[in-house]
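Hi there,

Here is the structure I promised to pass on. Have a look at it first, and then read on for what turned up.

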Amino acid sequence: MSETEDTSRFHKDKETVDVVIVGAGFAGMYMQHKIQQRGLSVRLYEAGSGVGGTWYWNTYPGARVDVESVEYSYSFDDDLQQEWSWSERYASQPELMRYANHFADRFKLRQNMQFNTRVTSAVYDAKKYRWQVATNLGGEVSAKYCVLATGFLSSGSIPNFDGLSDYSGDKYLTSRWPKEEINFSGQKVAIIGTGSSAVQSIPIIAKQADHLFVFQRTPSFSIPARNGPLDREFEKRVKSDYPEWRRRQRYESRAGFISVNFQPTAPNDKSAVDVSAEERFADYEMRWQSGGLCYYSSFIDLLTNEEANKTLADFVRNKIREKVEDPEIAELLAPKDYPIMAKRLCADTNYYETYNRKNVSLVSIKDSPIEKLTDKGLIVHSHEYEVDSIIFATGFDAVTGAIKNINVRGLQGKSLDEHWEGAPRAYLGLMSSGFPNLFFLDGPCSNGALVSPMLLSEYQVEWVDRCINQIGIGPDAEIEPTLKAENSWMEHMEEVGKDSLLHLANSWYVGANIPGKPRALLSYLGGLENYRRQCSSGEANDYGNFVKNR
Ligand code: N01
């Protein structure tokens, strides 16, 4: 097993394969496995020097998954899920990398992977019915099918702060963290941002640094993860019943995970405002003690009814006030300007408690943004904070960023940008009209951002695999969704998303975190089971919504 590989043997090759895949995250690797199983030829390109996708890049201190390990793992192969044993309730980034590498070795994927290579363009040749895919190393490959498994949180973003290049200390971006260990002992450190990446890294960096300044524009709602060594009895119980556990994840969950208090648990289908205050509190408290993201399966109207939402937001705000000793800091940390879960919930280990440390200062930049960076630090409220390092935990150009970094051109040379006219459009979140034989995994207009990505990628990969198998690799084999089908999917997306409280927050869910990005719901909010049914409905199944073989 090797985490960094020399794949120079592929450089500058001009060749022909059946399928090209971009991205060696969990979705891309599973896609490659399916294609290899079919006996088709495949090339996977990956910008990093190893597999793992988001887990390859996000090596910042404290990075770990916030879906329970036994659920955040491939389910398609019973031997794999039986033989792998997680060490913690929520796997850390290094353990997830071990799992990704184990998967690549077990299914002999490396032979068809090319690392350290960025795909720069994918252009459809309508006469040849093939994609011409080019890389930054000058390589080119011709493929019948092109699968973009580029990840929905992979294009890291540093805001264009005034004076960014003037700062002479060390700069770190959480989503491009150096591979060597960084120790902040003896340093004054600034961290900008308080989303999931910051919430995970702040408690660890605070223990190392002389002083940590946290620059917060919008506070997050965070729930204690209650991470710890994986209980072996729990593991045994899950493994003895894994098929049933997976069935419920797929068909009887809202977001693809079902564990609450270590039991598979059905979503609560009651309204938060139709039950007594006691029943409501009991549900919230039980989930608080369970830990992690299980509020996504709490009362059914939490994301559609502001009054219902406020009951949970108040509950969590009170928990924050209990944890933080300084009442003024507690008020700054308790979000008040948006509904809970309208930005993604965070799951933490000692996040709020960290603000009780003497060496941590919270600087609110809500009403007074960072004015500029200087040689020595950054200026806020006309005060210069001199620091040795600045950490940018400033998020991602989510969902569309990584796709847009590739010059994708379909029929008549039209670019995806032109077709999308700002907001992305994709039938079932899998294909765009005018871009035959091109697939997105965990891409726009699917529910990638709102469900367990592992489960969704399995589901989508299996759909794409079936589609490729049905259409085949003949000289003129071709499939694309009709514009009518794409339009009706977009109307359906709008219909199921219009009452969602997600619109009331400025988050990456709606592209509001990137200046200039058109505000639009990037993901499908119809739920996992509804999405599954839409994908496998009669019409889609016989590809009635697609144009095949011109
Ligand atoms: O990014 P974010 P993230 N000036 O966008 C702030 C997944 N994830 O990397 O909210 C000052 O959430 C910004 O402020 P505001 C997970 O899905 C999962 O933390 O825009 N501040 C915000 O506080 C998550 O949702 C895991 O006002 C600026 C922060 O930067 C997603 O990735 C772990 C600013 C960005 O927060 C993204 O999380 C980590 C500016 N100009 C991530 N621009 C787990 O599995 C931005 N900010 C646990």
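Let me start with Asn-58, which sits in the loop between α2 (54-57) and α3 (78-83). Please keep in mind that this is a predicted model. Is Asn-58 buried or exposed? Its relative accessibility is 7%, and because the cut-off for buried is under 20%, Asn-58 counts as buried. Leaving aside residues up to four places away in sequence, Asn-58 touches Ala-63, Gln-93, Thr-174, Ser-175 and Phe-396.

Next, helix α7, which covers residues 242-251. Tyr-242, Trp-245, Arg-246, Arg-248, Gln-249 and Arg-250 are buried there. What do the buried residues of α7 pack against? Their partners are α3, α6 (232-240), β11 (259-260), β12 (263-264), α14 (453-471) and α16 (528-535).

- Lys-343, through a polar side-chain atom at 2.7 Å
- Trp-508, through a polar side-chain atom at 2.9 Å
- Ser-196, through a polar backbone atom at 3.0 Å

On its own, the ligand has 910 Å² of accessible area, and the protein covers 88% of that.

Note on methods
Residues numbered from 1 in each chain as written. Predicted model: local features only at pLDDT ≥ 70, side-chain atom pairs only at ≥ 80, totals over all residues. Heavy atoms only, no water. Helix = DSSP H or I, 4+ residues; strand = E, 2+ residues; numbered from the N terminus. Buried < 20%, exposed > 50% of the residue type's maximum accessible area, 1.4 Å probe, protein only. Contact = heavy atoms within 4.5 Å. Polar contact = N/O pair within 3.5 Å; in protein donor to acceptor, adjacent residues only side chain to side chain. Areas by Shrake-Rupley, 256 points an atom, 1.4 Å probe, with all protein chains shown as cover.
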